[in-house]
Amino acid sequence: QVQLVESGGGLVQPGGSLTLSCAASGSIFSINILGWYRQAPGKQRELVASVTSSGATNYAASVKGRFTISRDNAKNTVYLQMNSLKPEDTAVYYCNKAWGPRASWGQGTQVTVSS
């Protein structure tokens, strides 16, 4: 069973960029679809981006054109490149499987977009 640990969050100004990393304790090669989720206070956790084993991607409308998800199976790592950040992007970001049973949720990484 793979464990996923998020990192790379922080405070950034509106319009800025940030890259998140999700490091796995085991191989992610066999996981068909990996995703980044986020949860803001008082809101439901939502899937914002996903990537298949072949590299196909899908994005929530709110982040499409601004965020890029990618995976490196050799490094057992998933990335989320975030550009043109907005205050509404402020949330705790998590990575997990986006198809089939989810792994245990980690602590996530906090992203705060504020001037």
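Hi everyone, thanks for making time. Before anything else, please keep in mind that this is a predicted model.

Let's begin inside. The largest nonpolar core is made of 29 residues. If you want to find the residues with the most contacts inside this core, look for Leu20, Trp36, Phe67, Ile69, Leu80, Met82 and Tyr93. Which strands build it? At least two residues each come from E3 (18-24), E4 (33-39), E5 (46-52), E7 (67-72), E8 (77-82), E9 (91-97) and E10 (109-113). Strand E3 gives the largest share, with four residues. As a general background, nonpolar side chains tend to be buried together in soluble globular proteins.

Please zoom in on Tyr93. Leaving aside residues up to four places away in sequence, Tyr93 touches core members such as Leu20, Trp36, Phe67, Leu80 and Met82. The list of its contacts also includes Glu6, Arg38, Gly108 and Thr109.

Thr109 deserves a stop of its own. You will find Thr109 in strand E10, and it is buried, with a relative accessible area of 8%. A polar atom of the Thr109 side chain sits 2.9 Å from the backbone nitrogen of Gly9. Again not counting residues up to four places away in sequence, Thr109 touches Glu6, Ser7, Gly8 and Gly9, as well as Leu20, Ala91, Val92 and Tyr93.

Now for the charges. How many salt bridges are there? The count is three, and Arg38, Glu46, Arg66 and Asp89 are linked by them in a network. Let me walk along it. Glu46 meets Arg38 through their side chains, at 3.0 Å from N to O. Glu46 is partly exposed, at 33% relative accessible area, whereas Arg38 counts as buried at 6%.

From Arg38 we step to Asp89, where the closest N and O atoms are 2.9 Å apart. This pair links distant parts of the chain: Arg38 is in strand E4 and Asp89 in the loop between E8 and E9, 51 residues apart.

Asp89 also forms a salt bridge with Arg66, and here the closest N and O atoms are 2.8 Å apart. Arg66 lies in the loop between strand E6 (57-59) and E7 while Asp89 lies in the loop between E8 and E9, so this pair ties together parts that are 23 residues apart in sequence. Is Asp89 buried or exposed? It is buried, with a relative accessible area of 1%. Arg66 is buried as well, with a value of 10%.

Last stop, the hairpin of E7 and E8. These two strands pair in the antiparallel sense, over six bridges, and Thr68 stands opposite Gln81 in E8. Four residues lie between the strands, and Asn76 takes a positive phi near 55° in this hairpin.

Now follow the side chains along E7. In a regular strand they alternate between the two faces of the sheet. Here Phe67, Ile69 and Arg71 point to one face and are buried.

How values were computed: Residues are numbered from 1 along each chain as its sequence is written. This is a predicted model: local features need pLDDT of at least 70, side-chain atom pairs count only at pLDDT 80 or more; totals for chains, interfaces and linings use all residues. Side-chain values use heavy atoms; hydrogens and water are left out. A nonpolar core is a set of buried Ala, Val, Leu, Ile, Met, Phe, Trp, Tyr and Cys residues joined through side-chain atoms within 4.5 Å. Buried means under 20% relative accessible area, exposed over 50%, partly exposed in between (1.4 Å probe, protein chains only). Contact means heavy atoms within 4.5 Å. A salt bridge is a side-chain nitrogen of Lys or Arg within 4 Å of a carboxyl oxygen of Asp or Glu. A polar contact is a pair of N or O atoms within 3.5 Å; within protein, one must be able to donate a hydrogen and the other to accept it, and residues adjacent in sequence count only if both atoms are side-chain atoms. Two strands pair if DSSP finds at least two bridges between them.
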